[in-house]
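Dear colleague,

I am passing on a structure that you have not worked with before, and below it you will find an account of what was found in it. Please look at the sequence and the model before reading on.

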Amino acid sequence: MLQEYEIRQRINRVGRAIGEAAQACSAERNLPGELRDCIHKLDRHADSAQQVLEPYDVTRLRKMVDELEVLGDRAQRVCRNMPTLTAQMRSAVQHVHDELAELKHDLR
């Protein structure tokens with residue numbers, strides 16, 4: 001398992017990826033409501049991630065990452081079923097999914 005500092009860095013990377021997805025979501029015109037909902041929930045959860053880090057609690061962090069991963073998986077599923085989404089939106093969702101998968105792996 002990574003050290004606390006490295007986990008904090010990973011959380012920041014996940015937060016940036018989610019922020020990029022939220023920006024892409026805002027720029028997307030015909031975004032399905034389910035995808036917009038997933039991205040907004042991810043964004044809200046990511047904002048609360050810093051609270052899990054103070055005090056550093058690996059159990060709460062794992063639970064939060066699991067919750068984020070469920071939303072990330074849901075967003076990715078919607079993307080696969082919507083061929084009209086822009087490449088930017090698809091890429092942003094994939095980036096979130098990849099960052100979350102890495103973080104989850106590192107927390108084991």
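A helix is here a DSSP run of H or I with at least four residues, and a strand a run of E with at least two, each numbered from the N terminus. Counted in this way, the protein chain has four helices and zero strands, and its elements follow one another from the N terminus as α-α-α-α. Please keep in mind that this is a predicted model.

To begin with the overall dimensions, the C-alpha trace of the protein chain spans about 40 × 20 × 20 Å along its principal axes. The radius of gyration is 14 Å, which agrees with the value near 13 Å that a compact globule of 108 residues would have. Of those 108 residues, 42% count as buried. Among contacts in the protein chain with a separation of 6 or more, 75% are accounted for by residues 24 or more positions apart.

Next comes the packing of the helices. Two packed helices are described by the angle between their axes and the distance between the axes.

How do helix α2 and helix α3 cross, and at what angle? Helix α2, which covers residues 33-53, and helix α3, which covers residues 58-80, have axes that come within 9 Å and cross at roughly 165°. Because angles over 145 degrees count as roughly antiparallel, α2 is roughly antiparallel to α3. The crossing in which α2 passes α3 is left-handed. On the α2 side the residues that meet α3 include Leu35, Cys38, Leu42, Ala46, Ala49 and Val52, while on the α3 side Leu61, Met64, Leu68, Leu71, Ala75 and Val78 are among them. By class, the residues of the contact of α2 with α3 divide into 14 nonpolar, three polar and six charged.

The other pair to look at is α3 with helix α4, which covers residues 87-106. Their axes lie 9 Å apart and the two helices pack at an angle of about 150°, which means that α3 is roughly antiparallel to α4. The crossing of α3 and α4 is left-handed. Among the residues of α3 that meet α4 are Val65, Asp66, Glu69, Asp73, Gln76 and Arg80, and the residues they meet in α4 include Arg90, Val93, Gln94, His97, Leu100 and Lys104. The contact of α3 with α4 has seven nonpolar, four polar and six charged residues.

Leu68, Gly72, Ala75 and Cys79 of α3 are listed in the contact with α2, and Leu68, Gly72, Ala75 and Cys79 are also listed in the contact with α4.

Notes. Residues are numbered from 1 along each chain as its sequence is written. This is a predicted model: local features need pLDDT of at least 70, side-chain atom pairs count only at pLDDT 80 or more; totals for chains, interfaces and linings use all residues. Side-chain values use heavy atoms; hydrogens and water are left out. Axes are lines fitted to C-alpha atoms, for helices over the stretch in contact, and angles run from 0 to 180 degrees between N-to-C directions. Angles under 35 degrees count as roughly parallel, over 145 as roughly antiparallel, 65 to 115 as roughly perpendicular and the rest as oblique. A crossing is left-handed if the near helix is turned anticlockwise from the far one by less than a right angle, and right-handed if clockwise. Contact means heavy atoms within 4.5 Å. Ala, Val, Leu, Ile, Met, Phe, Trp, Tyr, Cys and Pro count as nonpolar, Asp, Glu, Lys and Arg as charged, and the others, Gly among them, as polar. The radius of gyration is taken over C-alpha atoms; the globule rule is 2.2 Å times the number of residues to the power 0.38. Buried means under 20% relative accessible area, exposed over 50%, partly exposed in between (1.4 Å probe, protein chains only).
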